[in-house]
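Please read it with the coordinates open beside you.

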Amino acid sequence: MYPDARNSPSKGKAKQADAQNWHSHWWDFHPLADNLQRPVAWSSASTIFTPHPSQPLILGRFFSSSKQFLIVSPDQILNNPAAYEPPNVITVSSNDHWLFAYFPGRDCDGVGCLWQRGYTIDKWNIRDYWACERGAGIVNAVFVSAEREWVTCPDGSTTRLAQCGPLTPVSNPTLLTVTQAHQLNVYFLRTYASGVKSLTCPLVQACYTAENMSQVAHDPPRGPKTSRLCSAASFGFIFHDRTRLAESVFMVAMRSRRYPLSDTLRAASDNSHDLGLSLDNQLDERPPLLDWNSYQEEQTIELCEVKLRFDGLCMSVLTAPLSPIYHPAPCLTNFMFVSVPGSKQDTSTSPKASPMKDKQPQRGQLELPMTYLVASFLDFEEYASLPKSRIVAYSIVRVVPPNSKIPWAARLVGDRSLSPRILTVVAPGSLSVAMRKATVVVATTNPGGALARGAAKPKEIPVGNLFALQLPDLSDDPDCDHPSILAPLNRMSSDCPLSIFTSPNKLLACAVSMLQTSVYILPRARITSGSKDTLHQLPLAQALTVALQSRRSTADISHILSLPSTPATMLHDTLFGTLTSYEVNARLGTANSFSMVDVMGAAVEIYRARARWTQNEDEKERYLMLSRNALNVCSVSACSAAFENCKESEGYDLEPVWQLISLSTWVIAFLEDLMKECVFLADLADPTPNTSLNSNEVMPKQEPMDDNPFLRNWLTSPSQQVTNQSPHSVSLDTPILLHLVHPLFLSNLRAVVFHVSSFYQYLTSMTAKRENSQFARDTMLDLVDSSGLDLKVLEDILSSAIPEASAIPVEEVMASFAEGHPVPAQHEQLKKTIRSLTTSSAIDRPRLFIKSSDLVDGFANLSVSDHPVGDDPGMDVVTKGRLLTQKPGLLCLRCGGRSQIGGEVMVAGHSSPRWKIWERMWAARCICGGSWVNGNI
């Protein structure tokens with residue numbers, strides 16, 4: 001009997017309903033079950049390394065830009081690229097000095113390669129490479145680091161965590177790898193040796209090996225007619241216990257899979273058309289037929305304790321397998337270790353007193369370091385529906401009392417199902433040391449969703465979310481948000497990520513799939529801007545403080561602050577919170593590894609990034625002005641340091657005389673711009689403020705031309721009264737004026753004026769004996785005399801203004817730093833300094849505004865804003881000299897400046913060591929703190 005057509009759904013309506021929704025399918029997530037490798041690494045210099053889609057090459061990308069470069073592969077791979085696959089392992093050291101990758105071979109041995117970085121972050125030189133036999137390919141690798149991580153405390157101070165992982169004092173680098181043969185390889189390079197050494201130790205049986213011992217080849221374990229290979233591995237470095245001697249112990253977790261051997265495959269192929277009739281008795285000696293059920297992923301996670309030691313002479317490795325973890329889930333997609341440091345001792349009681357003898361209350365129990373193993377699984381069942389996701393957490397704890405046979409125990413502490421969402425990748429999350437709270441970030445995909453209706457459809461739609469799960473129970477972190485995962489309309493569910501890696505400051509994550517590379521914003525705590533006393537607790541302020549202390553890139557922080565969704569007030573709050581932490585460390589006596597100039601260098605990047613994303617032209621110009629002034633702050637500090645390096649007891653080192661003249665030229669040009677701004681304010685401003693105007697504006701003087709009725713009527717027109725601003729009102733919030741009221745910037749400005757004035761006086765007092773000295777002397781004299789500035793008087797005025805600028809409350813000074821311009825509390829002091837400058841003999845106005853070249857070329861250059869200092873593309877951002885066109889030089893990723901530092905300074909056959917010392921300060925970083933790249937990129 002046919003169904004009633006009146007009750008059946010219309011085909012058109014069904015298609016229309018289906019077109020308004022999207023759905024995921026089980027095959028979209030099957031690449032996760034196939035263990036496909038698409039690695040990604042994010043260096044501390046904010047370089048993202050990913051494999052080439054089809055060739056044995058590594059691509060490097062500078063975040064946040066679209067500039068890419070290639071890492072040169074070894075000659076063995078370049079000579080026969082078809083014999084190797086793209087790398088399946090990529091890892092970079094924490095200091096961004098070393099890079100390692102493994103290229104699997106196609107029917108040949110694989111190749112592991114070690115690169116060392118040059119001065120520019122896009123220059124990687126091959127240090128060594130070696131072959132890895134088939135069946136012993138590398139599945140995971142990590143560099144051992146001796147650096148202790150910086151963290152922020154609730155009061156704003158910073159501290160270092162305990163050592164995490166083994167110490168290798170005489171080797172740099174130290175690389176750990178796990179192979180398919182369940183072996184641990186330790187590759188290290190001694191500082192006094194030229195070649196890479198290695199140690200090999202099995203992970204499935206107890207073993208001890210050292211440098212002075214002969215390496216014995218350990219046969220990988222094999223089952224009957226199968227090859228048992230390690231398919232995935234993870235390293236877990238444990239924080240050192242403060243209550244006992246530091247032990248260089250770490251964990252290795254492995255997941256294995258059985259594969260058929262070649263003779264088994266050959267037997268199965270020969271018997272593919274066999275009818276089961278025995279023709280002779282020799283067939284009984286053939287291997288058994290292939291049973292595909294026995295060649296699958298094992299349902300256990302193997303653990304091994306590893307001790308890497310150095311006795312002062314040799315390095316040794318000791319492995320001790322632990323009890324495996326059994327989990328019945330068929331498909332493991334991710335597993336990783338998460339370590340939590342132990343708590344510090346409570347110093348409220350005397351640490352020297354004995355609680356038992358002195359009857360003092362015992363201090364709070366010390367919480368030992370904790371280590372968790374987090375694993376995620378997918379269950380496809382009968383491949384008829386979407387897979388079910390599950391995530392589990394095990395705590396790895398020491399057995400008490402210690403047992404020599406089983407020193408560690410794994411206990412299930414968290415088990416959670418995420419269905420109907422599908423978990424794709426897992427990454428380590430944030431770590432709260434004060435609360436001892438660790439999190440993991442999971443990326444989940446929705447089973448389906450609705451499409452946007454209407455003619456204007458978005459290019460991307462949300463297909464999932466990123467969640468922060470608390471350890472150990474794996475519950476949602478209530479303090480964090482859930483950022484959305486966007487995907488293009490043509491690949492909403494068919495391109496799930498295969499691997500993920502977090503940015504240096506744990507704010508972003510780069511996920512790599514089969515077709516694309518995406519950057520996601522990680523979950524952050526929902527903390528909004530509050531009072532000034534709590535701004536240092538903002539996540540971005542804490543991240544910026546730790547990044548500056550650790551000398552890491554701040555590109556991910558600048559990226560978030562530049563987004564249109566980030567309010568402009570967050571820029572001020574982030575910088576103010578960072579300055580608060582700096583002041584707290586200074587008050588507590590904690591050594592800051594960064595200066596306030598470094599903070600201003602980070603502000604250069606933040607302002608430039610904000611200007612790129614801003615659509616409003618006025619806002620864009622304002623941020624560019626703030627960026628230029630922040631870079632000028634860094635330039636003034638660098639120029640002062642250069643003169644200080646070249647200063648001698650009776651004068652200055654004249655071997656780099658032309659380099660010092662280039663610095664003097666820039667300093668005088670900057671002073672001219674600053675003095676022009678002061679003259680402009682003094683000529684138009686009345687010394688007494690007008691309460692009818694804003695606090696950052698001054699009243700214009702009554703000029704004779706204002707007696708004209710037409711002008712007077714225009715000034716009093718309703719349109720002018722509505723705007724409450726006269727056409728000649730002058731703002732005191734110009735960024736360049738910050739150099740006259742901020743104590744640090746004012747001190748640096750006075751110092752560089754003193755050096756330029758002293759250098760000028762030193763050259764004037766000398767008698768030129770050679771032609772080169774005569775040219776240098778005349779050039780410096782013309783430079784200062786034509787500037788219209790009396791440097792000695794200017795220095796005295798700036799010196800007298802420093803005590804008054806320092807008397808302004810610290811909070812107001814920090815606020816002006818965070819705003820990038822003077823604040824109302826500094827306006828009175830600013831007006832006083834401007835009056836002192838403009839009423840003294842420090843400025844010769846005709847010479848300041850009218851140059852000899854203007855009289856010949858015209859008055860086109862009289863504007864004070866056409867060519868601001870720092871915008872000259874032909875000037876070296878470090879040495880302030882002219883760039884040579886035939887030499888590409890270096891490019892700063894932060895400020896965009898170019899430089900050609902590194903050339904030899906030769907005068908009369910002699911080099912200048914003083915100048916070279918200062919120049920080498922900027923060999924690795926720009927004066928703003930940014931990283932160098934090749935100028936041709």
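1. Basis of the values. This is a predicted model, in which local features need pLDDT of at least 70 and side-chain atom pairs count only at pLDDT 80 or more, whereas totals for chains, interfaces and linings use all residues. Residues are numbered from 1 along each chain as its sequence is written, and side-chain values use heavy atoms, with hydrogens and water left out.

2. The chain overall. The chain holds 21 helices and 41 strands, both being DSSP runs numbered from the N terminus (helices H or I with at least four residues, strands E with at least two). Of its 937 residues, 50% count as buried, where buried means under 20% relative accessible area, exposed over 50% and partly exposed in between, with a 1.4 Å probe and protein chains only. Among contacts (heavy atoms within 4.5 Å) with a separation of 6 or more, 66% join residues 24 or more positions apart.

3. Nonpolar cores. A nonpolar core is taken here as a set of buried Ala, Val, Leu, Ile, Met, Phe, Trp, Tyr and Cys residues joined through side-chain atoms within 4.5 Å. The largest one has 116 residues, and those with the most contacts inside it are Met 675, Leu 740, Leu 749, Phe 759 and Met 780. Helix α11 (residues 657-684) supplies the largest share of this core, 14 residues. A second, separate core of 24 residues includes Phe 188, Leu 199, Leu 203 and Phe 250. As background, nonpolar side chains in soluble globular proteins tend to be buried together.

4. Phe 759. Setting aside neighbours within four places in sequence, Phe 759 is in contact with Phe 643, Tyr 652, Leu 654, Val 657, Leu 660, Ile 661, Ser 664 and Met 780.

5. Helices α7 and α9. Helix α7 (residues 555-562) packs on helix α9 (residues 596-613) at an angle of about 40°, their axes lying 8 Å apart. The axes are lines fitted to C-alpha atoms, for helices over the stretch in contact, and angles run from 0 to 180 degrees between N-to-C directions. This makes α7 oblique to α9, given that angles under 35 degrees count as roughly parallel, over 145 as roughly antiparallel, 65 to 115 as roughly perpendicular and the rest as oblique. On the α7 side the contact involves Ala 555, Ser 558, His 559, Leu 561 and Ser 562, and on the α9 side Ala 602, Glu 605, Ile 606, Ala 609, Arg 610 and Trp 613. Ser 558 of α7 is buried, with a relative accessible area of 2%, and beyond its neighbours within four places in sequence it is in contact with Ala 602, Glu 605, Ile 606 and Ala 609.

6. Helices α8 and α9. Helix α8 (residues 569-588) packs with α9 at an angle of about 170°, with axes 11 Å apart, and the two are therefore roughly antiparallel to each other. Leu 571, Leu 575, Thr 578, Leu 579 and Tyr 582 of α8 meet Met 596, Val 599, Ala 603, Ile 606, Tyr 607 and Arg 610 of α9.

7. Pro 447. This residue lies in the loop between β27 (437-445) and β28 (448-450) and is partly exposed, with a relative accessible area of 28%. Not counting residues up to four places away in sequence, Pro 447 touches Trp 22, His 23, Ser 24, Leu 386, Pro 420 and Ile 422. The C-alpha atoms of Pro 447 and Ile 422 are separated by 7.2 Å, the two residues being 25 apart along the chain.
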